Amino acid sequence: MTRTLAVLSGIACLAFAGQAFARCEDHVPQPKPQNTFAQDVGREFDTILDDGWIEFAVYEDFPPWSYEEAGKPQGVDIEIGRLIAEDIGVTPRFRLVQADETLDADLRNYVWKGAIVGGRVSDVMLHVPYDSDLTCRIEQVVFTGQYAMEELAIAYATAAYPDGDAPTPAYFRYDTVAVENDSISDFYLSSFGRGAASGTIRRFATTDQAVKALARGDTMAAMGPRAALEAGLGDGLGKDHKLHTPPYPGLVRKDWTIGVAVNHQHRDLGYAVDYAIEKALADGRIQAIFAAHGLTFLPPER
């Protein structure tokens with residue numbers, strides 16, 4: 001399962017055009033924790049302070065957000081985790097985790113219950129999409145600490161479009177485009193125009209691999225989350241390649257807010273994390289992290 005799809009799976013039902021429902025209108029309350037199976041609820045905030053460290057669950061192999069380089073965790077989410085830990089006054093630890101089939105499963109495995117075999121939860125999970133529907137559906141988790149927005153974008157080779165046109169989804173009836181396999185971009189383009197682009201889509205295991213294919217000249221364009229495209233193109237962006245966010249007909253959700261998740265029994269920890277992020281947004285430290293990675297910072301909805 002790809003990181004991108006797991007991250008977005010919790011709001012996938014809102015991604016495509018359809019009937020809009022009032023918040024929580026069709027929600028069925030879940031069994032209360034005291035009436036269900038045993039759960040690993042993690043450490044209390046006071047215990048974190050006494051122990052002197054906090055553990056963040058982050059997705060593995062997920063540049064530019066979180067990945068390992070020379071045996072050390074790197075990326076935007078890693079630096080945000082360090083910022084939170086510094087504000088709380090503890091040492092950060094990072095647990096690079098695999099994405100499961102859905103966001104619900106990731107939250108179950110790493111935030112409120114733990115995996116079935118040898119599982120345990122972390123104190124905080126980073127890079128969790130925020131949507132009001134999630135707050136209704138997943139009661140065991142508090143969604144907070146919104147620190148950025150992400151959006152779908154299209155990167156393209158300027159040599160492939162010498163007249164200055166920027167490709168829109170309709171172009172991919174004929175022009176080749178790289179996407180992450182089983183991602184929102186893949187699903188959208190595969191269904192666009194009743195499959196008109198199916199013969200031009202080139203699929204890769206990650207968005208990073210997809211954008212590298214564009215950089216090599218294997219495709220004319222690549223579609224995916226803006227940050228991954230910008231990171232993959234690096235210094236080539238603005239020279240040999242450009243990036244834009246065109247209209248996506250039929251796609252209701254083209255951007256989303258990212259934040260953190262904590263166990264619902266540790267709301268005091270959630271308050272502390274959210275306050276740390278709020279201060280870092282106000283004084284520009286989070287914006288500086290994005291700038292240092294050569295990424296566009298999109299302010300979150302808070």
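## Notes on the predicted model

1. Asp 87 and Lys 279 form a salt bridge through their side chains, with an N to O distance of 2.6 Å. The two partners belong to distant parts of the chain, 192 residues apart: Asp 87 sits in helix H3, while Lys 279 sits in helix H9 (residues 267-282). Asp 87 is partly exposed, at 29% relative accessibility, and Lys 279 is partly exposed as well, at 29%. Please keep in mind throughout that this is a predicted model.

2. Glu 86 belongs to helix H3, which covers residues 76-88. Is Glu 86 buried or exposed? With a relative accessible area of 63%, Glu 86 is exposed, because the cut-off for that class is over 50%.

3. Now for the overall picture. The chain has 302 residues, and 50% of them count as buried. Its secondary structure consists of 10 helices and 11 strands. Among contacts with a separation of 6 or more, 74% are between residues 24 or more positions apart. The accessible surface is about 13700 Å², and carbon and sulfur atoms account for 48% of that area.

4. How many salt bridges does a search of the whole structure find? The search finds 13. One of the pairs is Arg 226 with Glu 230, whose closest N and O atoms are 3.0 Å apart. Both of these residues are buried. They are about one helical turn from each other, because they are 4 residues apart in helix H8 (residues 226-233).

5. Another pair is Arg 285 with Asp 283, where the closest N and O atoms are 2.8 Å apart. Here Arg 285 is partly exposed, with a relative accessible area of 31%, and Asp 283 is partly exposed at 47%. Salt bridges also link Arg 43, Asp 51 and Asp 123 in a network.

6. Glu 44, Asp 46, Asp 50 and Asp 268 form a negative surface patch. Within that group, Asp 46 lies in helix H2, which spans residues 45-51. Asp 46 has a relative accessible area of 48%, so it counts as partly exposed.

7. Where does Ile 54 lie? Ile 54 lies in strand E1, and it is buried, with a relative accessible area of 0%. Leaving aside residues up to four places away in sequence, Ile 54 touches Ile 48, Ala 85, Ile 88, Val 90 and Leu 269, among others. Its contacts also include Arg 43 and Asp 123, two members of the salt-bridge network in point 5. Thr 91 is a further contact of Ile 54; the C-alpha atoms of these two residues are separated by 6.2 Å, with the residues 37 positions apart along the chain.

8. A few backbone details are worth checking in your own viewer. The peptide bond joining Pro 63 and Pro 64 is cis, with omega about 5°. Pro 64 is placed in the loop between strand E1 (53-59) and strand E2 (67-69).

9. Which value of phi does His 127 have? The angle is near 60°, which is positive in a residue other than glycine. His 127 is part of strand E5 (residues 124-130), and it is buried, with a relative accessible area of 3%.

10. Asp 182 also has a positive phi, about 60°, although it is not a glycine. Asp 182 is in the loop between strand E7 (177-180) and helix H6 (184-191). With a relative accessible area of 35%, Asp 182 is partly exposed, whereas His 127 is buried.

Technical notes: Residues are numbered from 1 along each chain as its sequence is written. This is a predicted model: local features need pLDDT of at least 70, side-chain atom pairs count only at pLDDT 80 or more; totals for chains, interfaces and linings use all residues. Side-chain values use heavy atoms; hydrogens and water are left out. Helices (H or I, at least four residues) and strands (E, at least two) are DSSP runs, numbered from the N terminus. Buried means under 20% relative accessible area, exposed over 50%, partly exposed in between (1.4 Å probe, protein chains only). Contact means heavy atoms within 4.5 Å. Accessible areas come from the Shrake-Rupley method with a 1.4 Å probe; for residues, only the protein chains shown count as cover. Patches are made of residues with over 30% relative accessible area and no salt bridge: like charges are joined within 9 Å, nonpolar side chains (Val, Leu, Ile, Met, Phe, Trp, Tyr) within 5 Å. A salt bridge is a side-chain nitrogen of Lys or Arg within 4 Å of a carboxyl oxygen of Asp or Glu. Lys and Arg count as positive and Asp and Glu as negative; His and the chain ends are not counted. The place of a charge is taken as NZ of Lys, CZ of Arg, CG of Asp or CD of Glu.
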